[in-house]
Amino acid sequence: MRTTSRIRWWGTAGIAVAVISVAACGSSSKTSSSNSNKGKTLKLGAVFSLTGAGGVYGPQQQQAVKLAEETTNASGGVDGANLSIQVVDDASNQTQAAQQTQTLIQQNQVTALLGPTLSNSAVAAHPIADNLKTPMLAVSTTGLNIVGTCPYPCTYIFRDSLGEATAIPTNIKTYVASANPKPKTGVLLYPNDDKFSVDGATAVKQTVTDPAVGIQLLDTIQFSKSDADLTQFVNQGVSKHPDVIFITSLGGIPAKIMTAARQQGFTGQFLGGNGFNSAAVSKQAANFGKGAQSASAWYLGNDFASNAEFVKAFKAKYGTDPDQFAAQAYTGVLILVDAAKRAKLTYTDLPGDRQKLRTAMESTNIQTPLGPFQFTSTHDVHQTIWVIAMDGQGGFTLVTSVKPS
Amino acid sequence: MAFLTQLLFHPFTWYHAHQLLAGQIGVDGLLALSIWLTLYSGQLTLANAGFMAIGAYSSVILTGGTTSTGPAAAGVHLPLAVAMLVGIALAALVAFVIGLPVLRLKGVFLAIATLGFGEALRYGLILNLGITGKGQGLNNPHATLTSGITPIWLALVVLAFLAWRLTGTKTGHAWAAIREDQLAAAAQGIDVARYKMVAFVLGAMVAALAGGLGAHLSFLIDSNDYTFTQAIAMLIWAVVGGIAFVIGPIVGAVLLTILPEVLRFTQDYRQVINGIILIAIVLFRPDGLFTRRKGTGNPSRLLRGWAFIRRSWASRRPQPAPP
C-alpha cells in the first residue's frame with residue numbers, strides 16, 4: 001500500500017517537474033528576436049586555476065573577469081542582454097580543467113569560454129570545447145601548439161595571450177639591435193620538467209642561431225623546478241663569462257637565478273620571457289633584477305584610454321594594480337562581448353549562437369588594455385608587443401614597443 | 001550540492017555532463033586495484049606511478065604520438081589494443097627485473113626503493129629521451145576522449161572480479177599468509193619470493209593498463225602526471241578504503257576522486273574540507289572503510305550490512321509453493 005502511494009507521489013512530482021520545464025522552455029522560445037535583447041542573458045564560462053600551482057595567476061584573472069562583467073552590464077550589457085560569467089576553479093589539474101569545461105558547456109549551457117590558466121590544462125580542455133563546437137579563448141597560455149598547429153582540429157580555439165614563441169624572439173632581437181657592444185655569448189638556464197620552461201628554452205635556442213642575432217650559447221644548464229638551491233647551476237653558468245644569461249622559467253626561479261648570478265659577480269644582461277612579467281617576480285629580484293628585459297603583452301604605464309580606464313577601474317575595485325594576467329583576462333571578455341554584439345545572437349539557438357560567435361571573433365578589431373587587438377588567421381595574437389625591463393623596485397619601465405608585422 | 005543531487009537522482013543527465021570525470025574515476029579505480037595487489041601480499045610498494053607512465057607512454061608512442069619536432073616513432077601506428085598490450089608486457093618485464101633486487105626489502109625501505117624507481121624513471125629516462133617529448137610532453141592526436149570510457153569501466157569490473165576470485169585461490173591464501181607473517185608463511189613451505197613477485201608484476205600490469213587507458217582521455221601526456229604525488233594518491237585510496245577486500249581501495253578511489261567535485265559548492269574551503277574528511281576517516285576507521293573484524297576474520301559491519309541487505313532482498317522474492 002505504502003509503495004503504491006510513494007510511486008504515485010513520485011509520479012505526480014515527475015509530471016510537475018516536466019510541466020514546469022516545458023513551460024520554462026516555452027517561455028524562453030516565445031520571445032521573438034528584436035534589436036534590443038532586454039531580459040536575455042549571455043552566459044559565458046571561465047576555467048581558471050584559483051588554487052594549486054597556477055593559484056598565483058588565477059585569482060587576478062577572476063578579478064579582471066568580474067570587473068569586465070560589471071562594467072559591461074553597467075554600460076548597457078550586450079546590446080541589452082545581461083552578461084553573466086561563471087568562473088570555476090580547475091585546481092591547476094588538467095583532468096579537472098577538461099571536466100569543468102565539459103560541465104560548463106553541456107550543463108550550464110554557456111555560449112563561450114575563457115581559459116584555462118595553464119598550458120597543460122589548456123591542452124586537455126581545449127579539445128573538449130572544440131569537440132562540442134564551443135568557442136574557447138585562452139587568456140594566459142603561452143605554450144606551443146595551443147592555437148595554429150594543434151594535435152587536433154582547433155577551429156573553435158582562440159588565444160589573446162602572447163606566446164613564448166613570439167615573445168622570446170622579439171625580446172632577444174630588440175635587445176641585440178640596441179645593445180652596444182653587441183652580445184657575443186650567452187648561457188641558457190631552465191628547469192627541464194616544466195612544459196612552459198622547455199617551450200621557452202626551445203624558442204631561445206632557435207633565436208640565437210638567427211644570423212641577425214648571432215649569439216653563441218656557451219652552455220645550456222638544466223635543473224628541476226623542485227630544486228631548492230640553484231646556486232651550483234648559476235655558478236656553472238657564470239663561470240663561462242657569458243654576455244647574456246637567458247632564463248625561461250616562472251614562479252620564484254627567475255628571481256633566484258638573478259640574485260645568485262649578481263652575487264657571483266655577473267655584470268651582463270638577463271633576457272627572458274613571460275615568466276619575468278609579473279610584479280611579484282620584479283619585487284623578489286629587487287635590485288638584482290634591475291634591467292632584466294622581457295617582451296610583454298601589456299604594460300601598466302601605457303596611458304592610452306582603453307588601458308588607463310582599465311587600470312583605474314581595477315585599482316578602484318581591488319585596491320592594487322592589475323598585472324598582465326588580469327589585463328589579458330579583461331581583454332578576453334571585451335573580445336567575446338564585442339563579437340557577441342556583432343554576431344547578432346538569437347539567444348534561443350545555442351549551437352547556432354556558438355557558431356556565429358566563433359565567426360564574429362575571427363574579425364575582431366578593437367581597442368583593449370593590450371592596445372589595438374586582432375586575431376591572426378590561426379586565431380593567435382596580433383598586437384603591439386611591449387618590451388619592458390625591471391626597474392629594481394618591483395616595477396617595470398618601457399624599453400620600446402614593437403608593432404605587429 | 002546540486003552535483004550530488006543530480007548524481008543520485010538524475011544519473012544519466014549527470015553522466016552527460018561529467019563523462020570525463022566518470023572516465024577518471026574508472027582509471028583511479030584501476031590504479032587502486034593495482035596497489036591493492038601488492039598491499040594484500042604485505043608489500044608497501046610505491047612504484048605504480050612509474051608503471052602507469054610506462055603504460056601511458058608506450059600506448060601513446062605506439063599509436064602515433066608526436067613530439068614538438070615530429071612523430072615520436074616514425075611510421076609506427078599500432079591499434080590501441082595492441083599498443084596497450086605492449087605497454088603492459090613492458091611494465092611486467094621492468095617489474096620483474098627491478099623486483100629481483102628490490103623485493104628483498106621490507107616495509108619503509110621497500111617503499112623508498114620503489115618510490116626511487118618512479119622518480120629515476122621520470123628524471124632519468126622520460127625527461128631525457130627524445131621519444132617521450134621530454135619536458136614538453138607527448139602529443140596524443142589519437143585520443144579517444146569519451147569513447148574510451150566504456151573500456152575503462154569494463155576493465156575495472158572484470159579485473160576487480162578476477163582479483164576477488166583470486167583471493168580464494170592458493171595464490172590468494174599465500175599472499176594473505178605472507179602479509180600476516182612472512183617467516184611463518186615460509187616455514188609452511190610457501191615460496192615467499194615467488195608469490196611476492198607475482199603480486200608485484202600483476203600490480204605493475206594493472207597500473208600500466210590504467211596508464212594506457214587514462215592517457216587516451218587526453219591529447220597530451222606530461223611527466224608531471226606520473227609523479228610521487230600520484231603514487232601517494234593511490235596509497236591514500238587504499239588506506240581510506242581498507243585493504244582486506246579488493247572493493248576497499250576501489251571504493252576509496254571512487255570516493256576521493258568524486259569528493260572534490262561534490263565539495264565544489266564550498267568554493268574557497270574546498271581543499272580544507274576535503275582534508276578534514278580524510279582525517280576524519282583515518283581517525284574513525286583506522287583500518288579503512290572495509291575491514292575484517294578483529295580476531296574473527298569476519299567482514300566488518302559495513303560489509304556485513306551489505307550482506308544483510310542482500311539476504312533480505314533475496315527473502316523478498318516469492319518463494320516457490322511447497323509441493
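## Close-up views of chain A

**View 1. An open sheet of three strands in chain A of the predicted model.** In this predicted model, three strands of chain A form an open sheet in the order β11-β12-β13, and the pairing is antiparallel. The edge strands, each of which pairs on one side only, are β11 (365-368) and β13 (381-382) of chain A.

**View 2. The pairing of β12 with β13 in chain A.** Strand β12 of chain A, made up of residues 371-375, pairs with β13(A) in the antiparallel sense, and this pairing extends over two bridges. Within this part of the sheet, Gln374(A) stands opposite His382(A), the latter being a residue of β13(A).

**View 3. Helix α11 lying across strands of the sheet in chain A.** The helix α11 of chain A, which covers residues 324-343, lies across β11 and β12 of chain A, and its direction runs at about 145° to that of β11(A).

View 4. Of the 405 residues in chain A, 54% are buried; among the contacts between residues at least 6 apart in sequence, 69% join residues at least 24 apart.

Definitions and conventions: Residues numbered from 1 in each chain as written. Chains lettered and ligands numbered in written order. Predicted model: local features only at pLDDT ≥ 70, side-chain atom pairs only at ≥ 80, totals over all residues. Pairing = 2+ DSSP bridges. Helix = DSSP H or I, 4+ residues; strand = E, 2+ residues; numbered from the N terminus. Contact = placed C-beta atoms within 7 Å. Axes fitted to C-alpha atoms, helices over the stretch in contact; angles between N-to-C directions. Buried ≥ 20, exposed ≤ 12 C-beta atoms within 10 Å, placed from the backbone.
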